[in-house]
Amino acid sequence: DRQAFDDEIDKLRAKIAFGGGSTNTSAGGETVRANLAPALRLAVEALRTPAFPAAEFDKLKRERVTALEASRTEPTAIAQRALARHDNPYPKGDVRYAATLDEDLAGIARVKVDDVAGFHARFVGASHGEVALVGDFDPAEARPLLEELFGSWRAAAPYARVPNPYRPTTRAEMRFDTPDKPNAIILGTINAQIRDVDPAFAALAVAERILGGGPEARVPARLREKEGLSYSAGTFLQPGQIDDLGSLGVYAIFPPQALGKVRTALDEELARAVDAGFTAEEVANAKRALLEERRTNRAQDGTLVAALVGQAYLGRTFAESAKLDAAIGAVDVTAANAALRKHLARDRIAWAFAGDFAKQ
């Protein structure tokens with residue numbers, strides 16, 4: 001049971017967590033060298049032969065319902081769900097479909113513990129999986145143990161990757177009123193047809209860093225530091241890896257009464273970046289910051305193990321990371337400006353605004 005499982009984790013001086021979704025199942029953790037084997041055995045026991053106790057299942061359903069109901073009036077959750085549903089071409093029942101809040105709640109109400117056990121029996125297995133270990137351990141001992149634990153574990157259903165190809169964004173402005181909420185949010189996103197191994201990705205990453213991807217970037221400097229309009233503001237960039245569906249976006253969290261000024265500031269900063277471009281000094285600073293961040297991340301065990309698992313799935317090595325580092329180092333101001341102008345089409349951004357805007 002849960003208590004016995006938690007007690008065993010404590011005895012092993014370990015941390016173990018499980019995750020997943022409609023297309024993947026995952027486990028991760030850490031322990032000391034002497035307890036690697038028993039910690040792995042414990043994790044695999046939970047992965048392969050879960051108990052699915054009815055009481056825990058009902059408790060989990062209640063927790064999920066409580067969290068979803070709480071998100072019904074939360075500005076960030078509302079804006080994120082609206083943008084996920086905007087332009088989504090997939091039908092209900094497809095794992096790429098973005099459900100409404102009520103559809104999610106109805107799904108939780110319908111599902112039974114036998115449904116979950118049946119899903120596990122059909123889809124969960126190690127026939128198409130990856131394992132990475134980082135730290136103080138003996139590979140000669142770990143390899144046969146991994147073969148023992150995972151080698152014969154096959155999912156009943158064959159694996160097939162779910163594709164998610166690029167589709168252009170349709171411009172939208174969606175506004176949601178959330179009475180009595182102290183903070184409001186603006187989210188703007190646009191699909192970018194780019195992968196992390198494309199030649200132009202390095203230039204786009206540098207441009208995004210200058211625009212809003214770091215604490216010294218233009219968007220947070222204008223909204224938070226200079227004008228004091230926003231508690232938090234910036235941009236984000238997520239490239240595709242296999243498919244060419246990436247995303248580029250901007251956000252700000254602010255008092256609802258500042259909506260007009262925040263919108264004006266964001267519009268002006270996006271226009272200034274696209275029309276006037278960046279300076280050579282900004283590009284040089286962004287390149288240094290990106291490369292240092294990447295070097296620092298590679299020194300963290302958690303980041304490293306996640307990178308190794310991802311590389312195993314994608315059929316890559318750290319040679320690809322070295323290529324991207326070199327490409328970032330070679331970006332000049334012309335390339336950075338061209339990348340942003342290509343992918344940040346201001347007339348195709350989908351915007352979502354959520355907050356207590358009656359207070360304006």
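This is a predicted model: local features need pLDDT of at least 70, side-chain atom pairs count only at pLDDT 80 or more; totals for chains, interfaces and linings use all residues.
Entry 1, the cavity. I searched the whole structure for cavities of 30 Å³ or more and found one. The space in this largest cavity is about 50 Å³. I then listed its lining: Gly-188, Thr-189, Ile-190, Leu-211, Thr-235, Leu-248, Gly-249, Val-250, Leu-270, Leu-344 and Ile-349. Strand E4 (184-193) and strand E6 (245-254) are the elements that give two or more residues to that lining. Sorted by class, I have seven nonpolar and four polar lining residues, and no charged ones.

I looked up which residues of H9 (residues 218-226) are buried, and they are Arg-218, Val-219, Pro-220, Arg-222 and Leu-223. Their cover includes helix H8 (201-213), strand E5 (232-238), E6, helix H10 (259-276) and helix H11 (280-298). After H9 comes Gly-228, where I noted a positive phi, near 60°.

I picked Thr-235 as one of the residues lining the cavity. I find Thr-235 in strand E5. Is Thr-235 buried or exposed? I count Thr-235 as buried because its relative accessible area is 9%, and the cut-off for buried is under 20%.

I next checked its polar partners. The side chain of Thr-235 makes a polar contact with the side chain of Glu-208, at 2.7 Å. A polar atom of the Thr-235 side chain also lies 3.2 Å from the backbone nitrogen of Gly-213. Leaving out residues up to four places away in sequence, I listed what Thr-235 touches: Glu-208, Leu-211, Gly-212, Gly-213, Val-219, Gly-249, Val-250 and Tyr-251. Among them, Val-219 is one of the buried residues of H9, and Leu-211, Gly-249 and Val-250 line the cavity.

Conventions: Residues are numbered from 1 along each chain as its sequence is written. Side-chain values use heavy atoms; hydrogens and water are left out. On a 1 Å grid over the protein atoms alone, a cavity is a set of points where a 1.4 Å probe fits but cannot get out, and a pocket is an open set with protein on both sides within 12 Å along at least five of seven lines; lining residues have an atom within 4 Å of a point. Grid points are joined across faces, edges and corners, and a volume is the space filled by probe spheres set on the points. Helices (H or I, at least four residues) and strands (E, at least two) are DSSP runs, numbered from the N terminus. Ala, Val, Leu, Ile, Met, Phe, Trp, Tyr, Cys and Pro count as nonpolar, Asp, Glu, Lys and Arg as charged, and the others, Gly among them, as polar. Buried means under 20% relative accessible area, exposed over 50%, partly exposed in between (1.4 Å probe, protein chains only). Contact means heavy atoms within 4.5 Å. A polar contact is a pair of N or O atoms within 3.5 Å; within protein, one must be able to donate a hydrogen and the other to accept it, and residues adjacent in sequence count only if both atoms are side-chain atoms.
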